[in-house]
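Biologist: I would like to learn how to read the features of a model like this one. Please take them one at a time.

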Amino acid sequence: MMPWYGHTLSGWGWFAMSAGMIVFWGAVIVVVVAVVRALGRSQDYPRPPAGTSPEQVLAERFARGEIDEEDYRRRLDTLRVASTGPGTDPGPRTTTLPPSRAGGPL
């Protein structure tokens, strides 16, 4: 059997091997972190679909019973005043209930 005495790494060989090891483990850590973050996202708070207006979100919360009628009307009035801007007339301060609760027994 032949000994391999003549094939040792020089200074640049050690540097390239060390840099390659650091790059490899850095890539492994980045992939693991990305996978954990992607799988760890909470689905407890579903976002409303794009294009849903704030009034629709508020009506859905009222329909689910998360807020009462007084709170619904107060928040709806606040949304309407905020959407018209300061110094403009927001129109009549009456609100209508969403169809799920309007006129039905509680």
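Biologist: Which residues make up the largest nonpolar core?

Modeller: The general idea is that in soluble globular proteins, nonpolar side chains tend to be buried together. In this predicted model, the largest nonpolar core has six residues: Leu 58, Ala 59, Phe 62, Ile 67, Tyr 72 and Leu 76. At least two residues of this core come from helix 2 (54–64), and at least two from helix 3 (69–84).

Biologist: Which helix gives the most to this core?

Modeller: Helix 2 does, with three residues.

Biologist: How many helices and strands does the chain have?

Modeller: There are three helices and zero strands, and the pattern along the sequence reads α-α-α.

Biologist: Is Asp 71 buried or exposed?

Modeller: Burial is judged by relative accessible area, with under 20% taken as buried. Asp 71, a residue of helix 3, has 14% relative accessibility and therefore counts as buried. Its side chain also has a polar contact of 2.3 Å with the side chain of Arg 74.

Biologist: What percentage of the residues in the chain is buried?

Modeller: Of the 106 residues in the chain, 9% are buried. The accessible surface of the chain is about 9300 Å², and carbon and sulfur atoms account for 64% of that surface.

Biologist: How should I read contacts by their separation in sequence?

Modeller: Take the contacts between residues at least 6 apart in sequence, then ask what share joins residues at least 24 apart; in this chain that share is 36%.

Key: Residues numbered from 1 in each chain as written. Predicted model: local features only at pLDDT ≥ 70, side-chain atom pairs only at ≥ 80, totals over all residues. Heavy atoms only, no water. Helix = DSSP H or I, 4+ residues; strand = E, 2+ residues; numbered from the N terminus. Buried < 20%, exposed > 50% of the residue type's maximum accessible area, 1.4 Å probe, protein only. Contact = heavy atoms within 4.5 Å. Areas by Shrake-Rupley, 256 points an atom, 1.4 Å probe, with all protein chains shown as cover. Core = buried A, V, L, I, M, F, W, Y, C linked by side-chain atoms within 4.5 Å. Polar contact = N/O pair within 3.5 Å; in protein donor to acceptor, adjacent residues only side chain to side chain.
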